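Here are my notes for you on this model, as numbered points. Please have the structure open while you read them.

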Amino acid sequence: MRIDIISIFPELFGPTLSGSMLGIAERKGIVEFHVHDLRDWAEGKHRTTDDYSFGGGPGMVMKPEPFFRAHAEILAQDLRPATTILMCPQGELLKQPLVEELATCSRLVIFVGRYEGYDDRIRTLADREVSIGDYVLTGGELPAMVLTDAVTRLLPGVLGHDASATEESFSWGLLEYPHFTRPASFEGLDVPDVLLSGDHARIAAWRRTEAIRRTAMRRPDLFETADLNDEEREFARSLLEDLKRSDDR
Ligand SMILES: C[S@@+](CC[C@H](N)C(=O)[O-])C[C@H]1O[C@@H](n2cnc3c(N)ncnc32)[C@H](O)[C@@H]1O
């Protein structure tokens with residue numbers, strides 16, 4: 001996959017994209033990151049990328065021309081079909097199903113906003129608008145890094161163990177089960193015996209049960225779409241009833 005990011009602060013991306021798993025993924029040739037300075041497509045001595053808002057009001061607005069020029073030139077650099085994403089708090093929320101969908105693309109081009117946001121005509125270039133949550137940041141650099149990280153780790157060959165991505169929170173519609181490592185006993189806190197048993201079927205059953213329990217306690221809304229069999233759904237329902245009873249007390 002190739003990921004192009006267009007920002008007025010390209011220097012903010014360095015350590016995130018070159019370190020750890022993302023850096024290894026790029027060195028292995030699984031992904032290519034191209035971070036572009038939007039100012040390279042701006043005009044004038046000051047390479048201005050923002051201007052006043054027509055109609056008045058506080059804050060500056062990102063000008064359309066640099067994004068239009070940058071987009072055309074960057075698309076032409078690689079013939080693979082690209083999905084253009086505009087980072088924006090008004091966009092669709094970034095959740096794991098969307099991450100999984102984007103991980104199947106061969107190319108992503110990500111627009112990063114600043115100030116009050118974009119001249120609305122810039123939206124016509126985007127296939128999707130994506131938000132990382134219902135809060136407003138000063139710029140889209142962190143959201144673009146969040147999206148890039150979430151997508152890259154799903155690309156085949158990036159994670160050490162394929163099951164890491166399929167058994168974790170959200171990917172199977174539930175939160176993930178609890179993990180433990182050595183020591184088996186620490187300050188009076190013991191790892192559940194079943195995890196030390198070596199019995200893979202019992203361990204898998206315990207993990208599924210604990211994933212349901214954890215989801216009931218923290219994110220019961222996920223049960224609406226989680227893939228549960230009848231027995232599991234009944235278990236989830238009884239957990240939620242118990243939780244409600246203890247809340248009412
Ligand atoms: C200060 S915000 C602009 C907010 C805009 N005035 C509004 O009310 O929707 C500047 C830029 O940060 C980025 N941004 C801020 N919060 C974001 C979020 N939750 N998700 C994605 N991008 C975000 C976007 O690129 C946005 O254009």
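1. Of the 249 residues in the protein chain, 24% count as buried; that label needs 20 or more other C-beta atoms within 10 Å of a residue's own, whereas 12 or fewer make it exposed and anything in between partly exposed, with C-beta atoms placed from the backbone. The radius of gyration is 23 Å, while a compact globule of 249 residues would have one near 18 Å; the value is taken over C-alpha atoms, and the globule rule is 2.2 Å times the number of residues to the power 0.38. Along its principal axes, the C-alpha trace spans about 70 × 45 × 35 Å.

2. A word on what you are looking at: this is a predicted model, in which local features need a pLDDT of at least 70 and side-chain atom pairs count only at pLDDT 80 or more, while totals for chains, interfaces and linings use all residues. Residues are numbered from 1 along each chain as its sequence is written.

3. The confidence is worth a look next. The protein chain averages a pLDDT of 96, and 99% of the residues score at least 70; pLDDT is the predictor's confidence in each residue, from 0 to 100. Confidence is lowest in helix α6 (residues 162-166), with a mean of 68, and highest in strand β6 (residues 107-111), at 99.

4. On the overall layout, the protein chain holds nine helices and nine strands, which are DSSP runs numbered from the N terminus (helices: H or I, at least four residues; strands: E, at least two). The chain is divided into domain 1 (2-152) and domain 2 (167-248), with bounds from an automatic or database domain assignment. The C-alpha centres of domain 1 and domain 2 lie 37 Å apart.

5. Do have a look at helix α9 (residues 230-248). From its first C-alpha to its last, α9 reaches 27 Å, close to the 27 Å expected at 1.5 Å a residue for its 19 residues; the expected span is 1.5 Å times one less than the number of residues. Helix α9 is hardly covered, with one buried residue among its 19.

6. What surrounds the ligand? The shell has 20 residues, and the closest are Pro89, Gly113, Gly117, Gly140 and Pro143; a residue is near a molecule if its C-beta atom, placed from the backbone, lies within 6 Å of it. Strand β5 (residues 83-93) gives the largest share of this shell, four residues. By class, the shell has ten nonpolar, eight polar and two charged residues. Here Ala, Val, Leu, Ile, Met, Phe, Trp, Tyr, Cys and Pro count as nonpolar, Asp, Glu, Lys and Arg as charged, and the others, Gly among them, as polar.

7. The loop between α6 and β8 (185-186) includes Tyr177. Tyr177 counts as buried because it has 21 C-beta neighbours inside 10 Å. Tyr177 and Ala204 are 27 residues apart in sequence, and their C-alpha atoms are 10 Å apart in space. Pro183 is also found in the loop between α6 and β8, and a cis peptide bond with omega of about 5 degrees joins Arg182 and Pro183.

8. Finally, some backbone geometry to check. Most residues other than glycine have a negative phi, and most peptide bonds are trans. Arg47, in the loop between β2 (32-37) and β3 (50-52), has a positive phi near 45 degrees. Arg47 is partly exposed, because 14 C-beta neighbours lie inside 10 Å. Glu187, in the loop between β8 and β9 (189-190), has a positive phi of about 50 degrees. With 5 C-beta neighbours inside 10 Å, Glu187 counts as exposed.
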